[in-house]
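Colleague: I would like to learn how to read the features of a model like this one. Please take them one at a time.

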Amino acid sequence: MHEMSVAQNIIDIVLQHMPEENSHPVQTVTIKIGKMAGLVPESLEFGFQVLTAETPGMEKAVLQMEFTPLVIHCDQCQKNFEIDDPFFICPECNSANVKILSGTELQVTEIELDDSPKEKP
Ligand SMILES: [Zn+2]
């Protein structure tokens, strides 16, 4: 399952960002996931839960997903469009001369620790 290795990647990223003497468990991990990232959110969440259950400090971590829309740019009319379906045709001029600007990314955006001191800059 592809989602399993993606979930592992997310966990690796989280662990890399942990301070060395961190004693607070991870509460929430927020990721940005593009509509076109090619991942099944349910499978990703499942994989994340299975893997975090065996990862010290992450046993209770919750995966929060923010979906980013698919945005294309039309070379013909030089406009950007947010589209729901991956047809890759400009909704305005029907040109197929479009490129994807966003919607394929997968990014860890926030890691929240339980009981962490409230030190916001
Ligand atoms: Zn166009």
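Modeller: What follows goes through a metal site, the salt bridges, a helix and a strand residue.

Modeller: This is a predicted model, in which local features need pLDDT of at least 70 and side-chain atom pairs count only at pLDDT 80 or more, while totals for chains, interfaces and linings use all residues. Residues are numbered from 1 along each chain as its sequence is written, and side-chain values use heavy atoms, with hydrogens and water left out.

Colleague: Which residues coordinate the zinc ion?

Modeller: Donors are N, O and S atoms within 2.8 Å of the metal (3.2 Å for Na, K and Ca); water is not among the atoms, so sites may look incomplete. Here the SG atoms of Cys-74, Cys-77, Cys-90 and Cys-93 coordinate the zinc ion at 2.2 to 2.3 Å. Along the sequence these donor residues follow the spacing C-x2-C-x12-C-x2-C. Cys-74 is in strand S3 (residues 70–74) and Cys-90 in the loop between strand S4 (79–83) and strand S5 (98–102), so this pair links parts of the chain 16 residues apart. Strands (E, at least two residues) and helices (H or I, at least four) are DSSP runs, numbered from the N terminus.

Colleague: What is the arrangement of the four donor atoms around the zinc ion?

Modeller: Four donors count as tetrahedral if all angles lie between 85 and 135 degrees. The angles at the zinc ion are 103 to 121°, which makes the arrangement tetrahedral.

Colleague: Are Cys-74 and Cys-90 buried or exposed?

Modeller: Buried means under 20% relative accessible area, exposed over 50%, and partly exposed in between (1.4 Å probe, protein chains only). Cys-74 is buried at 0%, and Cys-90 is buried at 0%.

Colleague: How many salt bridges are there?

Modeller: A salt bridge is a side-chain nitrogen of Lys or Arg within 4 Å of a carboxyl oxygen of Asp or Glu. The count is three. One joins Asp-84 and Lys-35, with N to O at 3.3 Å. This pair links the loop between S4 and S5 to the loop between strand S1 (26–34) and helix H2 (41–52), 49 residues apart. Asp-84 is exposed at 61%, whereas Lys-35 is partly exposed at 46%.

Colleague: And the others?

Modeller: Asp-75 and Lys-99 form a salt bridge, their closest N and O atoms being 3.4 Å apart. Asp-75 is in the loop between S3 and S4 and Lys-99 in strand S5, so the bridge ties together parts 24 residues apart in sequence. Glu-92 and Lys-79 meet at 2.2 Å, N to O. Glu-92 is partly exposed at 47%, and Lys-79 is partly exposed at 36%.

Colleague: Which residues of H2 are buried?

Modeller: An α-helix has 3.6 residues a turn, so residues three or four places apart point the same way. In H2 the buried residues are Ser-43, Leu-44, Gly-47, Phe-48, Leu-51 and Thr-52. Seen down the axis of H2, they fall within an arc of 155° (taken from the directions from the axis to the C-beta atoms), so they line one face of the helix. Their cover includes helix H1 (2–16), S1, strand S2 (62–68) and strand S6 (106–113).

Colleague: What does Val-98 touch?

Modeller: Contact means heavy atoms within 4.5 Å. Leaving out residues up to four places away in sequence, Val-98 touches Ile-72, His-73, Cys-74, Phe-88, Ile-89 and Cys-90. Val-98 lies in strand S5 and is buried at 18%.

Note on methods
Tetrahedral: all angles 85-135°; square planar, octahedral: opposite > 155°, others 65-115°.
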